[in-house]
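Have the viewer open and follow along.

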Amino acid sequence: MKPRSAGDQAARDIWRAIGLMTASAVLFGIMAVSIRLASAQLHPFEIAFFRNLFGFAFALPLLLKHGPGLLQTAKLPLYFTRCLIGIGSMLAGFWAIVNLPLAQAISLSYSTPLFVTILAVLVLGEVVRARRWSAVLVGFIGVIVILRPFAGDFTFGMLVALFAAAMSAAVAVSIKFLSRTEHPDAIVIYTSALWIPMSLLPAVFVWETPVGITWLWIVLAGALGTAGHMCWTRAFKLGDASLLTPVSFLQLPVVAVLAWLLFGEGVDRYTAIGAAI
């Protein structure tokens, strides 16, 4: 039997990473819908807190699986910085999901790969050739189409969504950096644990005790968020950040269909054209 070459293994790793990133896109897309459903009662900042609280609960089996040794690290300051950036991205992103049409909020998140590609070169030292830079330029044009900055319907919410995308890019790069030495499950555990107190402070100022079916939506957000995060970190362990992040574009068809079915939201032509670009 012919032995497998290093090239064959690398190709398998890339396809496995793409599969994991695809799964994370679908999971995060459904999570966005659960956030919108929970927003019928709760402020997005409080939804973020419960997403993190229940997300940590769903991540605890990882600690039982690996044991306390999983938490041994020399990168705690980097974890803390990554979580501070991440909570900023989460709060802004949740706010955008609640206050913008879902398809538009997710489409604007597609600017994340533009920022990731630039940061991957500057921070991670990834080699990005002309083909990917061309895609970045075309992607930027798509973002401009969605934003329509010179039109009268440009809103503050669009700017918030763009800020969330930029912060998400920094998070993606930090995860890729951590994944060079840290176990993917350790990244999930530390992130989930640190996010709880970080998200509690803003939630306190808008607190309202959940009732009825709202509990289902926030528990679901936590479960989907942790599952998506696990797929995300494993994908970055196997492949380049600049290659994998555009796979998250698959969130749009998931969100667009569910938003149409559940909320009667359509996709305006500028969002559709910009997302297609």
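Start with helix α2 (residues 44–66) and helix α8, which pack at an angle of about 155° with their axes 8 Å apart. Here, axes are lines fitted to C-alpha atoms, for helices over the stretch in contact, and angles run from 0 to 180 degrees between N-to-C directions. Helices are DSSP runs (H or I, at least four residues), numbered from the N terminus. That angle makes α2 roughly antiparallel to α8, a label for angles over 145 degrees. The crossing of α2 and α8 is left-handed, meaning that the near helix is turned anticlockwise from the far one by less than a right angle. By class, their contact has 17 nonpolar, 5 polar and 3 charged residues. In this scheme Ala, Val, Leu, Ile, Met, Phe, Trp, Tyr, Cys and Pro count as nonpolar, Asp, Glu, Lys and Arg as charged, and the others, Gly among them, as polar.

A word on the source: this is a predicted model, in which local features need pLDDT of at least 70 and side-chain atom pairs count only at pLDDT 80 or more, while totals for chains, interfaces and linings use all residues. Residues are numbered from 1 along each chain as its sequence is written, and side-chain values use heavy atoms, with hydrogens and water left out.

Now turn to another partner of α8. Helix α3 (residues 76–99) packs with α8 (residues 184–204) at about 55°, their axes 9 Å apart, so the two are oblique to each other. Contact (heavy atoms within 4.5 Å) involves residues including Tyr-79, Arg-82 and Cys-83 of α3 and Ala-186, Tyr-190 and Thr-191 of α8. By class, this contact has 15 nonpolar, 3 polar and 1 charged residues.

Leaving aside residues up to four places away in sequence, Thr-191 touches Arg-82, Cys-83 and His-229.

Finally, step back to the nonpolar cores, sets of buried Ala, Val, Leu, Ile, Met, Phe, Trp, Tyr and Cys residues joined through side-chain atoms within 4.5 Å. The largest has 48 residues, and Phe-94 and Trp-232 are among those with the most contacts inside it. Helix α1 gives the most to this core, with 9 residues. A second, separate core of 10 residues includes Ala-59, Tyr-79, Ala-186 and Ile-189.

Technical notes
Parallel < 35°, antiparallel > 145°, perpendicular 65-115°, else oblique. Buried < 20%, exposed > 50% of the residue type's maximum accessible area, 1.4 Å probe, protein only.
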